[in-house]
Amino acid sequence: METVGILGGTGPAGRGVALRLASAGYDVVLGSRDASRASEVATSLGSALGGEITGSTNESAAVCDTVVVATPWDSAIATVSPLREQLGGKIVISMVNALTREGRELLPLYPARGSMAAQLAFALPESRVVGAFHHLPAAQMQDLDSMLDADVLIFSDHAEALDQVVELVNAMPGLRAVAAGSMSLASPIEAFTAVCISINIRHKVHSYVKLAGLDK
Ligand SMILES: NC(=O)c1ccc[n+]([C@@H]2O[C@H](COP(=O)([O-])OP(=O)(O)OC[C@H]3O[C@@H](n4cnc5c(N)ncnc54)[C@H](OP(=O)(O)O)[C@@H]3O)[C@@H](O)[C@H]2O)c1
């Protein structure tokens, strides 16, 4: 089975994705700027999940078959750029949202190329960048008993890579993959995260995206 590395995997977003990947049987490497911190986090996530979660450096996580970028938006490019060679030819999944807080609302920021996924694709021209996981609430992702039943909108300009991420996401408990389309959709998909989080703040809930009408 393929291995998945998560850059910035020690944060809430990376932990949630790691837990659900490991539940599906994938071996996961949590990447960090500090390998010992990543090992501690990996240990805290527990064992007996099907796949194994280990903690290491971002450089080691980048050696995995598929790599997820789960750093804050303003450090994503600086994190992946030195890893361009290792990430060449691989699927790199961006879950990065560029957001800023204003009072009780989150507002989207628009990077120069319109989205963080497009920024990453520009920084990693030899990789196949796929966008996924943007709208997922980390707290429920980390709680395997939370009854999460969320949709994951997936986009890429690489059709085969998109299909592979659809398969990966559908294997993860509590998630349904929805192939949304090309990189052109990255900007609205990422920006919609600001709407999701603002609704959760306003209504004091942990809602998530689930599209109606998709089942045939
Ligand atoms: N939280 C969510 O519910 C959620 C859901 C969907 C998508 N996302 C997206 O996923 C990404 C991560 O979210 P998060 O809440 O997990 O973020 P976070 O906790 O702020 O950061 C994640 C990890 O990134 C590393 N990091 C922090 N600052 C860094 C820097 N300057 N340079 C390099 N690495 C740095 C840290 O790991 P080390 O200190 O171990 O290196 C940290 O644990 C964000 O882009 C967010 O928009 C979040």
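## Close-up views of a predicted chain

Figure 1. Residues are numbered from 1 along each chain as its sequence is written, and side-chain values use heavy atoms, with hydrogens and water left out. Of the 216 residues, 50% count as buried; here buried means under 20% relative accessible area, exposed means over 50%, and partly exposed lies in between (1.4 Å probe, protein chains only). The fold holds nine helices and 10 strands, where helices (H or I, at least four residues) and strands (E, at least two) are DSSP runs numbered from the N terminus. The C-alpha atoms fill a box of roughly 40 × 40 × 35 Å along the principal axes. Among contacts between residues at least 6 apart in sequence, 74% join residues at least 24 apart; a contact means heavy atoms within 4.5 Å.

**Figure 2. Helix H6, a mostly covered helix.** H6 spans residues 116-123, and six of its eight residues are buried. You can look for them at Met 116, Ala 117, Ala 118, Gln 119, Leu 120 and Ala 123. At the start of the helix, a side-chain oxygen of Ser 115 comes within 3.0 Å of the backbone nitrogen of Ala 118.

**Figure 3. Two residues with a positive phi.** Most residues other than glycine have a negative phi. Phe 133 is not a glycine, yet its phi is positive, at about 75 degrees. It sits in the loop between strand S8 (128-131) and helix H7 (138-142), and Phe 133 is buried, with a relative accessible area of 1%. Lys 204, also not a glycine, has a positive phi of about 50 degrees. You will find Lys 204 in the segment after helix H9 (186-203), where it counts as exposed at 75% relative accessibility.

**Figure 4. Thr 66 and its surroundings.** Thr 66 belongs to strand S4 (residues 66-69) and is buried, with a relative accessible area of 5%. Its side chain makes a polar contact with the side chain of Glu 2, at 2.6 Å. A polar contact is a pair of N or O atoms within 3.5 Å; within protein, one must be able to donate a hydrogen and the other to accept it, and residues adjacent in sequence count only if both atoms are side-chain atoms. Leaving aside neighbours within four places in sequence, Thr 66 is in contact with Glu 2, Thr 3, Val 4, Gly 5, Ile 91 and Ile 93.

Figure 5. Met 1 lies in the segment before strand S1 (3-7) and counts as exposed at 69% relative accessibility. Not counting residues up to four places away in sequence, Met 1 touches Ala 24, Gly 25 and Tyr 26. Met 1 and Gly 51 are 50 residues apart in sequence, and their C-alpha atoms are 9.4 Å apart in space. Gly 103 is found in the loop between strand S6 (99-102) and strand S7 (105-108), and at 59% relative accessibility Gly 103 counts as exposed. From Gly 103 to Ile 189, 86 residues apart in sequence, the C-alpha to C-alpha distance is 22 Å.

Conventions:
Predicted model: local features only at pLDDT ≥ 70, side-chain atom pairs only at ≥ 80, totals over all residues.
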